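Hello,

Here is the structure I promised to pass on to you. Please have a look at it first, and then read my notes below.

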Amino acid sequence: MLALKERNNQAFGFLYDNYAGALYSIIKQIITDNNELASDVLQEVFINIWRKIETYDQTKGRLFTWMLNIARNASIDMLRSKGYQNSQKNQELPDNVYKGGVSQTTQQNVDNIGLKKVLEKLKPEHRVLVELAYFKGFTHEEIADMMSIPLGTVKTRIRNALLQLREYLK
Amino acid sequence: MNLKDYIESGIIESYVMGLATESERAEFERLCAQYPELVAARRKFEESIEASAKEQALPTPPEVKVKIFEAIGKSAPSSLGSTSSNPPKIHTMENSKSPARGPGMLRFAAAAAVILLIGMVWLYFQAKQQNQDLVKENDGLKIQRDTAQNILNRIVQEQKQAIGDPNTTVVNMVGTKSAPKSSANVYWDSASSSVYLVVKNMPQLPNDQQYQLWALIDGKPNDLGVFDATNEKLILKMKNTKKAQAFAITIEKRGGSPSPTLEKMQSMGKATQTQ
C-alpha cells in the first residue's frame, strides 16, 4: 500500500494488471452497448485511481471496493453525459461499421456476466430495483417516484435483494 | 442496538456497493470503529464481491494501459503475461551497422533519462523541502516575537531530542530585596553547557548600564555575558558554562565588569541539579 501511495510505477502496473479486467467488467455492465466509451471510462478510472490514491482510507474498506466504486460512479456519470446520449443516436448504424475487429469478441451478452448474472436469480421485483439503483445510479427517492412505490419499500426491497445477493456470492 | 440485526439488515451490502445514503454511511463508519465484528462482516462481503468480480474479469483493450501510463506521465512497465508491451527484439542485417551499440545506446539513453528524471524530481523535492523549512522558520520567528517562552521551550525540546536527555535545568531567578520585581529564567543545559536566558521582567536601565549574568561556581562568580532589558520578552543565548551552583544577575556599567557588583544584585537562582 505504501508503495502505491508513493505512486510507484511498478505497483501501479501491477494494480492495473490485477484489477483492470474486473473493473472493466463492471464498467461494461453499466455501459452495455458502447465498447469505445467503456474503454474510455476504464482509462479515466485508472487515472483517477492514480490521482486519488492518497485519499483511499483503509479503515473504510478494501482497496478493491474503493476502486469498484470509482469505476461504478465514473460509468454512471458517463451514462448520463451528453457524449453518451449522442452516441446512442449513432447506435442505429450497424455496430460493426465503426467498431469492428477484436472488441467484438468481448461484446458478449452482458446480462451473462458479473453481478448481473447473479441478479438473474433474484425475484423480478427485486431485480429491477437493484438494476436501477446499482447499474443506473438512481437514488432510492428517484426509484420510488419512477415506480410509484413508497420510499420505505424501495429501501427494504433493495436491502433484501442485496442480502440475497450476498448469499449467492458466497 | 442489536449488532446482529444491524449486520443482517443489508447495510453492509448497501455500504460496500455504494448504495447507502450519506447518513447511513456516516453511521456505519462510526459503528465500524466501535465493533470489530462489523468490520469483519464487511470485509467478508467485500472479499466475496472482489472474488466474483475477478472471476468475471473481461479482457481489457490493450491500448488502454498504454494510454493510462501516457496520461500519468510514465511509461508503462512491462507486465507478466502481456506480450504487447514487451516486444521481442529483432536484429536485422540492415540496421546492424553497430549491432551491439544500437539498442544498447537506446537503453543507455533511456536509463540516463530515467536517472535524470529521478534527479530532477529529487531536486524538486529538495527545493520544496527547503522552501517548507524556510516557511517553518519564518513561522518560528513570528512565534518567537509573540511568545519568547514558547520558542525557548522548543529550543530546549530540540536539544533534548538531539542530545538525548541533556538534563536541562530551569532556574527561576527571583528578585532580590533591591529589585523585588525582577524576574528571569535561566535554561541551563548541563550536557551542552548552553545557557539561555529568558527575561521576563527586568526594569529599564540608564544607557550607560547593563545587566550582567553570572554563574556562581564554587562560590566564585563567572561572567556569562551582559544584556539589556529593552525588550521584555527576550531570549538570550549566554556564554556556556559547564558548572554552576547558582546564577545571579547584577547591574554593571555598559559592557560588563570582570567581577560582580554584589550590592547591585538584581536576582538570583540556585541551579539544583537532580543528577
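Predicted model: local features only at pLDDT ≥ 70, side-chain atom pairs only at ≥ 80, totals over all residues.

Residues are numbered from 1 along each chain as its sequence is written, and chains are lettered from A and ligands numbered from 1 in the order in which they are written.

Let's start where the chains meet. Chain A gives 41 residues to the contact and chain B gives 35 residues (two residues are in contact if their C-beta atoms, placed from the backbone, lie within 7 Å). On the side of chain A that touches chain B, α2(A) has the largest share, with twelve residues. Helices here are DSSP runs of H or I with at least four residues, and strands are runs of E with at least two, numbered from the N terminus.

Next, a helix pair. α3(A) and α4(A) pack at an angle of about 135°, and their axes are 9 Å apart (axes are lines fitted to C-alpha atoms, for helices over the stretch in contact, and angles run from 0 to 180 degrees between N-to-C directions). The two helices α3(A) and α4(A) are therefore oblique to each other (under 35 degrees is roughly parallel, over 145 roughly antiparallel, 65 to 115 roughly perpendicular, and the rest oblique). Among the residues that meet are A:Leu37 and A:Val41 in α3(A), and A:Met67 and A:Ile70 in α4(A).

Finally, chain B has seven helices and eight strands. Among its contacts between residues at least 6 apart in sequence, 55% join residues at least 24 apart.

Best wishes
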